[in-house]
Amino acid sequence: MPRSDPLALRQRIRHEIEPGERKRRYVRRLFGRVARKYDLTNDVMSLGAHRRWKRLVLGLAEIGPEHVVLDLAAGTGDLALAAARSAVAPIRVIAADMTGEMLQVGRTRPGASGVRWVQCDALELPMKDKSVDRIVIGYGLRNFARLGPALREIYRCLKPGGRLVALDFGRPSAPILDRAYLRYLEITASAAGWLLHRDRESYLYIAESLRQYPGQREVTEGMKRLGFVRCGYLDLLFGAMAINFGDRPGKAPTPAFASRE
Ligand SMILES: C[S@@+](CC[C@H](N)C(=O)[O-])C[C@H]1O[C@@H](n2cnc3c(N)ncnc32)[C@H](O)[C@@H]1O
């Protein structure tokens with residue numbers, strides 16, 4: 001099967017990312033390969049907009065003093081570093097990711113010493129039950145080998161009253177728009193991957209992983225089934241991007257203030 005045949009390549013990616021252990025290994029290898037160029041590609045492909053959306057994530061998280069904040073699937077730590085930078089009172093920030101190469105890049109970034117970098121899998125977090133106040137995720141949900149168990153693990157680690165806020169590519173609600181968007185992503189992402197890195201596959205993966213991802217509405221329903229309350233999502237770009245959020249029920253200690261960006 002020639003690697004340059006786009007149809008065959010798409011089929012191979014689809015096979016590799018069927019939920020489960022094979023997807024975990026595939027995703028781990030893929031991010032290991034792109035780690036050094038990840039930040040640049042992110043800026044180019046979103047024209048810098050991902051920074052604004054990540055600020056929105058942190059705003060919705062309402063991080064307060066003394067909070068333990070976990071940036072899950074942190075990659076090079078955009079959310080963790082921004083949370084640590086913008087905190088006006090002491091907080092503890094952890095950046096967790098399963099790909100060592102991504103964390104390695106993160107550890108060299110300005111402000112990295114204010115963050116604890118942990119290599120671990122979202123499906124088996126080393127954090128204790130009810131130990132984290134806020135879990136923020138940037139483009140992680142879609143990449144998890146199994147989404148349901150990852151959400152369950154997140155719920156386990158959140159303190160009562162704790163909050164999950166997760167940004168990812170979304171699925172527009174109109175089927176025609178959804179199909180057009182997936183096609184658009186296939187073409188633009190693989191072209192960008194080829195132009196920037198001569199690596200079509202890593203970027204074609206974005207469209208294929210999104211095809212498999214249930215999208216913001218189903219994630220909301222899944223969160224409710226797990227027991228999250230005050231669940232919802234914020235559509236960005238007509239639902240092409242979305243931020244899911246929800247709280248573990250229970251009363252959180254009232255912070256003296258809430259930081260918003
Ligand atoms: C698209 S990157 C996102 C990086 C960063 N959060 C951002 O917003 O730019 C996805 C990250 O998810 C990580 N990841 C995927 N599956 C994971 C899992 N099961 N456990 C922990 N990290 C995972 C990958 O290693 C990768 O660094």
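View 1. Leu196 sits in helix α8, which spans residues 175-197. The model shown here and in the other views is predicted. Leu196 is partly exposed, at 33% relative accessibility. Together with Leu40, Val44 and Met45, Leu196 makes a nonpolar surface patch of about 310 Å². Helix α3, residues 38-46, gives the most to this patch, with three residues.

**View 2. The nonpolar core around Leu72.** Nonpolar side chains tend to be buried together in soluble globular proteins. Here the largest nonpolar core has 81 residues. Those with the most contacts inside the core are Leu70, Leu72, Ile135, Ile137, Leu141, Ile154 and Leu164. Take Leu72 as the centre of the view. Which residues does Leu72 contact, leaving aside its neighbours within four places in sequence? The contacts are Ala96, Ala122, Leu125, Ile135, Val136, Ile137, Gly138, Phe144 and Ile154.

**View 3. The buried residues of helix α7.** Helix α7 covers residues 147-157. Its buried residues are Leu147, Ala150, Leu151, Glu153, Ile154, Tyr155 and Cys157.

View 4. Leu147 lies in helix α7. Is Leu147 buried or exposed? Leu147 counts as buried because its relative accessibility is 18%, under the 20% cut-off. Beyond the residues within four places in sequence, Leu147 is in contact with Leu141, Tyr213, Pro214 and Val219. For scale, look across to Ala242. Leu147 and Ala242 are 95 residues apart along the chain, and their C-alpha atoms are separated by 16 Å.

**View 5. Gln216, a buried side chain in helix α10.** Gln216 has its place in helix α10. The residue is buried, with a relative accessible area of 1%. A polar atom of the Gln216 side chain lies 2.8 Å from the backbone nitrogen of Arg171. Not counting residues up to four places away in sequence, Gln216 touches Gly170, Arg171, Tyr233, Asp235, Gly239, Ala242 and Asn244.

View 6. In one of them, the side chains of Glu18 and Arg22 meet at 3.4 Å, N to O. Glu18 is partly exposed, with a relative accessible area of 42%. Arg22 is partly exposed too, at 31%. Glu21 forms a salt bridge with Arg24, and here the closest N and O atoms are 3.2 Å apart. How are Glu21 and Arg24 placed in helix α2? They are three residues apart in this helix (residues 21-34), so about one helical turn separates them. An α-helix has 3.6 residues a turn, so residues three or four places apart point the same way. Glu21 is partly exposed at 43% relative accessibility. Arg24 is partly exposed at 27%.

**View 7. A salt bridge between two strands.** The side chains of Arg230 and Asp247 meet in a salt bridge at 2.8 Å, N to O. Arg230 lies in strand β6 (residues 229-236) and Asp247 in strand β7 (residues 241-247), so the pair ties together parts that are 17 residues apart in sequence. Which end is exposed and which is buried? Arg230 is exposed, with a relative accessible area of 55%. Asp247 is buried, at 3%.

View 8. Salt bridges that share partners join Arg10, Arg14, Arg183, Glu186, Glu208 and Arg211 into one network. Arg10 is in helix α1, residues 6-16. Arg10 is buried, with a relative accessible area of 17%. The Arg10 side chain makes a polar contact of 3.4 Å with the side chain of Glu186. Leaving out residues up to four places away in sequence, Arg10 touches Arg183, Glu186, Leu204 and Glu208.

Conventions:
Residues numbered from 1 in each chain as written. Predicted model: local features only at pLDDT ≥ 70, side-chain atom pairs only at ≥ 80, totals over all residues. Heavy atoms only, no water. Core = buried A, V, L, I, M, F, W, Y, C linked by side-chain atoms within 4.5 Å. Buried < 20%, exposed > 50% of the residue type's maximum accessible area, 1.4 Å probe, protein only. Contact = heavy atoms within 4.5 Å. Helix = DSSP H or I, 4+ residues; strand = E, 2+ residues; numbered from the N terminus. Polar contact = N/O pair within 3.5 Å; in protein donor to acceptor, adjacent residues only side chain to side chain. Patch = residues over 30% accessible without salt bridge, like charges linked within 9 Å, V, L, I, M, F, W, Y side chains within 5 Å. Areas by Shrake-Rupley, 256 points an atom, 1.4 Å probe, with all protein chains shown as cover. Salt bridge = Lys/Arg side-chain N within 4 Å of Asp/Glu carboxyl O.
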